[in-house]
Amino acid sequence: EIKDRPTSRAMEDMMQVVSKKRGLFTDVEDREQRAKMPRVEYLTAFQAFDQDKSGFIDLRELNNALRSLKSSASSMSSFEFNMTTCVLLGVKFGNGSKLNESQFCELLNYVEGIKGIFTAVDVDRSGCISCAELHRAFLLSGCELDVDTVTAIGQSYDGNRNGTLELDEFIQFKMEWDTYIGIWDAATSGLASISPTCLLNVLEKIKQSMEPVGRNMSEYANYFPGRLWHATMFNSKTFDTKTCEKLIIRFGQGLADLTFAQFCRMLLFLSEVKAAFCRADPSGTGSLDLPELHGAFAAVGVVLPAELTLKIRQSYDTDSSGKIEFDEFVQMTAEWQEMVAMQHRFDSGPSASIGAVALQEILSEIHVFRPFVHGILQPACPFSMDALNHLIVKFGNRRSGESYPTQVTHENFLCMVHYVRYCQQIFSKFAALTSPSTISVPDVSAVFAECGLSQDTEVVASICRSFGVDQRGRVEFEKFLHMLLEASLYDQVFSVRLHRPDSLTPFNVSSPLLRPSSPFGAPSDAVAHGAVILDRSSFLSLVFSVPRNSPV
């Protein structure tokens with residue numbers, strides 16, 4: 001039978017025994033105890049609750065047994081065991097839907113062990129565990145997590161939303177987090193943080209440990225929409241290294257490794273994303289089409305215009321299947337939740353927009369602009385005011401009285417971020433191993449072309465010289481982006497001029513904005529008046545013949 005409740009001091013002594021590693025509270029699967037013969041009351045309970053005398057306990061009978069089991073402790077009767085707990089235990093100890101006699105006895109022994117831990121953690125003897133008690137138990141177990149993280153973990157298992165964990169909820173919590181913490185311990189060997197490569201192995205082991213549960217749990221999926229293990233996470237696919245890198249960028253706070261606390265927050269994030277993905281994919285195909293992706297995004301708080309969602313899908317759909325798999329959805333959500341969360345930084349007035357100074361501050365805080373290139377986390381990307389003004393001109397909307405946009409809305413900002421990330425990904429493909437944050441001048445033409453601006457080498461050479469870079473130099477991303485934006489703007493000016501001859505003067509190269517109509521008519525009339533007619537390449541070469549730092 002269960003011994004008397006441990007005192008607070010006894011509980012601390014029990015916790016300190018396992019605090020050398022990050023095992024959660026204690027190990028209830030004691031091998032010596034498991035080697036003993038099943039207790040008589042367990043065998044008696046099996047006979048009593050095997051109501052159809054089939055020689056097995058099904059989930060309905062297990063539910064009745066757990067609710068009615070009072071011989072182990074008098075307070076047991078105050079807990080209702082919900083079906084979620086029954087399914088998890090049935091999968092762990094049986095074949096998912098029924099248990100034989102020995103499996104049932106083993107299950108009861110396990111539940112009794114967790115009940116002892118639950119009783120020790122429940123310091124105020126309320127019959128449930130508060131967030132403060134859960135946080136204290138984590139600390140005594142050697143898991144130094146902040147209150148907010150522990151609270152978020154507890155809330156993710158609080159099925160009835162009463163602000164505490166009851167026994168059945170605590171069982172769910174412990175079964176899952178024992179797995180996570182055990183795999184972390186084995187992978188880190190006492191180190192305080194985990195690298196992208198090591199994280200890849202950890203997530204793959206978590207996946208493998210959950211897959212047997214997921215296979216047996218498919219018919220009960222509605223009971224656990226928020227658990228990682230209620231279905232196979234990736235079918236036969238392994239975790240992508242790029243996914244690990246994006247998770248570290250999101251949760252690593254600027255460092256290339258994850259601490260244990262950051263790892264825990266990442267697991268909460270993965271549970272949220274997994275739940276949204278599964279709800280959007282009710283048929284279990286393992287991939288999302290565009291309408292399903294739009295719904296899954298909304299479920300994790302990423303509400304985007306439909307056109308932008310389409311562009312984002314295309315940029316993450318690495319196999320060009322037209323669908324987004326879970327790995328890709330994790331990457332998307334890790335990056336875009338951060339962008340959407342920036343909405344509060346925009347003015348709340350009618351325009352709800354910001355200028356270049358505020359935009360520069362926001363972009364300096366965004367982790368997504370610190371990618372891994374060749375396995376190396378890059379430093380924060382600075383954005384000059386010139387580059388930001390060009391971004392605002394490209395993505396902003398002109399307000400009344402403005403010749404060109406000077407501010408961007410949050411929706412403009414989202415489109416801008418997608419464009420910059422797209423350009424950054426292309427740029428990174430050409431970066432050298434020895435200099436992962438730069439590209440060579442000869443590669444600028446190719447990167448321009450992949451970003452949608454095809455120009456001959458002479459024009460690109462003029463652009464590079466204008467920005468103070470010779471053929472032997474290297475170009476950083478911010479300078480490349482500035483070059484691309486300005487060259488694209490002048491390229492657009494030339495196209496507008498071709499289709500609307502009265503919109504621009506032929507030689508207005510210093511500020512290519514709308515001006516009064518040209519005094520000339522057709523091109524032949526311009527030649528007759530002594531004007532020079534330029535093709536696109538000549539026009540761009542002329543524009544960039546003056547250095548950007550020239551006082552002229």
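The expected span of a helix is 1.5 Å times one less than its number of residues, where helices (H or I, at least four residues) and strands (E, at least two) are DSSP runs numbered from the N terminus. This is a predicted model, in which local features need pLDDT of at least 70 and side-chain atom pairs count only at pLDDT 80 or more, while totals for chains, interfaces and linings use all residues. Residues are numbered from 1 along each chain as its sequence is written, and side-chain values use heavy atoms, with hydrogens and water left out.

Q: How far apart are the end C-alpha atoms of helix H12 (residues 260-280)?
A: Helix H12 has 21 residues, which at 1.5 Å a residue should span 30 Å. The model agrees with this expectation, because the distance between the end C-alpha atoms of H12 is 30 Å.

Q: How many of the residues of H15 are buried?
A: Helix H15 covers residues 326-340 and reaches 20 Å from its first C-alpha to its last, close to the 21 Å expected. Buried means under 20% relative accessible area, exposed over 50%, and partly exposed in between (1.4 Å probe, protein chains only). H15 is largely enclosed by the rest of the structure, because the number of its residues that are buried is 15 of the 15.

Q: Is H5 parallel or oblique to H9?
A: Helix H5 (residues 83-93) and helix H9 (residues 167-188) have axes 9 Å apart and pack at an angle of about 40°, where axes are lines fitted to C-alpha atoms, for helices over the stretch in contact, and angles run from 0 to 180 degrees between N-to-C directions. Angles under 35 degrees count as roughly parallel, over 145 as roughly antiparallel, 65 to 115 as roughly perpendicular and the rest as oblique. The angle therefore makes the arrangement of H5 to H9 oblique.

Q: Which residues in H9 are met by Thr84, Thr85, Leu88, Leu89 and Lys92 in H5?
A: Contact means heavy atoms within 4.5 Å. By this rule, the five named residues of H5 meet, in H9, Asp168, Ile171, Gln172 and Met175.

Q: What is the relative accessible area of Lys53?
A: Lys53 lies in the loop between helix H3 (40-49) and strand S1 (57-58), and has a positive phi of about 55° although it is not a glycine. Lys53 counts as exposed, because its relative accessible area is 59%.

Q: Is Ser287 buried or exposed?
A: Ser287 is found in strand S5 (residues 287-288), and the residues that it touches include Phe277, Asp281 and Lys323. With a relative accessible area of 12%, Ser287 is buried.

Definitions and conventions:
Lists of a residue's contacts leave out its neighbours within four places in sequence.
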